[in-house]
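Please open the structure in a viewer and keep the selection panel at hand.

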Amino acid sequence: MFQINKDEKLIEKAMGGSQRSWVNLVKRYEGLVYNYCLRMTFNSSDAMDLMQEVFLATYRNLPSYRGQNQFKGWMMRIAANKTTDFLRSRSRNPLHRAGEVTDESYKIPEHQISQSMHQDPAEDYKEKQKNKQIKKLLDKLPDEQKMVVELKFFQHFTFDEISHQTGTSINTVKTRLYAALNKLKGYSEIQNVM
Amino acid sequence: MLCDHQLIIDHINDYIENKVSPELRTQIEAKLSQCTDCQATYRQSLELYQMSHEWQSQTVPEWHRTSYAVRPPIKRNNWLSWGSLATSSLAILMVVFQLEINSGDTGITISFGGNQAKAQIEEMVSAQLVTYKSDQDKQFQLKLSTALEQQNVRTNLRLANWLEKNRDERQQDIKFVMTGWQSQRYEDQKVVDKRFAYIADNQIENNQAINQLFHSVGNEGSSNSISNDL
């Protein structure tokens, strides 16, 4: 509750022109948004671009934010819209190799290496492999199912909130989730057999 | 009994996180024991749930968080705003009262209403007119003297040309007259000579006739005396 109240205060000050408040607000949520974008795009560069678009849209739409202590949900709705647009435009790009999660696409930018690397290289490798495995799994899903899985399992939103964020009915959300689970089930069985 | 899997889909996450009531838990577990699809959904959900916790959160690369967003408010000091207000007011008053500040030989003059400017403008205009007039006079005199000199030169040249041409014509005329006169004189001389010759011939004939007459009419003495007189 304290954190939510703090959000509201930061938003109020940011709308009044306070740079520091906006930076603090961004710092609170940029990790969440960046990792969300990373799982949705499978590419650190795209994730960075998408995250910046999300925060730009968030800032521009701040005057239309009605409060009610729902900033995270409101911002994630913007993120969902932006992600949908981004994936749609990327799918139209012939240069984009759809459906591939390669080491290159998961490459950590050089300026980030020093921040993200652990002391133990084995630990680094393990971490990288886990994230890569998750990405590969999510990559098997169509974009709309992937988004429902992301919002349900990684962001822990309710069906009602997901419905609000994606602009679809609750039944559609449930159907997409069920279809996604079935699809992943088949993929997991294949993986287990191999 | 046919299963629509709805119960599992609706509450599977809460069930995995132990957030369901005991009654609902019992219902879910009963459903899971009966339906293999629901079991598969549960296992896949559990796997995804575990994966979500295995995700290693990535650090956000450094980026500029405010370049696109917050415009820093313009800070203005109070003295600056008061100063600009006072300057604006002063400028308006100066325009309204037609304040004039002039610097001349006598020093700086401040006046209101614009009268001084009018008088000064008239004085300046008259001074400019005098200067203009003297300049025009000088230019006129200069142009006049230049034109007169040019006219004199042209006249002298024409006169010299005319005299030269006239002298040649007169010489030619005199030559023509002299030639005519000499030819006429030669012709006249010829006529006179011819007449003199005729007269002389006639005189000779007359003398001969007279002599014959005398010879025929007179004596020989008288005729000798006459011929001697002749």
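How many of the five residues of strand β2 (residues 107–111) of chain B are buried? The model to be examined here is a predicted one. Select residues 107–111 of chain B: the count of buried residues in β2(B) is zero, and the strand is hardly covered.

Together, β1(B) and β2(B) form a hairpin, with two residues between them. To see how the strands face each other, display B:E100, which stands opposite B:S111 in β2(B).

**The core**

Now turn to the largest nonpolar core, a set of 43 residues. Select A:V33, A:C37, A:M51, A:A79, A:V148 and A:V149, the residues with the most contacts inside this core. Two or more residues of the core come from each of α1 (2–15), α2, α3, α4 (71–92), α7 and α9 of chain A. The greatest contribution is that of α2(A), which gives ten residues. In soluble globular proteins, nonpolar side chains tend to be buried together.

Centre the view on A:V148. Leaving aside residues up to four places away in sequence, A:V148 touches A:I162, A:V173, A:R176, A:L177 and A:A180. A second, separate core has six residues, including B:I12, B:Y15, B:C38 and B:Y42.

**Helix α8 of chain A**

Select residues 159–166 of chain A, which form helix α8(A). Which residues of this helix are buried? They are A:I162, A:Q165 and A:T166. Viewed down the axis of α8(A), these buried residues fall within an arc of 85 degrees, and therefore they line one face of the helix. After α8(A) comes A:G167, whose phi is positive, near 70 degrees.

**Where the chains meet**

Finally, show both chains together. The contact takes 35 residues from chain A and 30 residues from chain B. On the side of chain A that touches chain B, at least two residues are supplied by each of α2 (19–41), α3 (44–60), α5 (110–116), α6 (121–139), α7 (143–154) and α9 (170–193). The largest share of that side, nine residues, comes from α2(A). Colour this side of chain A by residue class to find 18 nonpolar, eleven polar and six charged residues.

Terms used. Residues numbered from 1 in each chain as written. Chains lettered and ligands numbered in written order. Predicted model: local features only at pLDDT ≥ 70, side-chain atom pairs only at ≥ 80, totals over all residues. Buried ≥ 20, exposed ≤ 12 C-beta atoms within 10 Å, placed from the backbone. Helix = DSSP H or I, 4+ residues; strand = E, 2+ residues; numbered from the N terminus. Arc of directions from axis to C-beta. Contact = placed C-beta atoms within 7 Å. Nonpolar A, V, L, I, M, F, W, Y, C, P; charged D, E, K, R; others polar. Core = buried A, V, L, I, M, F, W, Y, C linked by C-beta atoms within 7 Å. Pairing = 2+ DSSP bridges.
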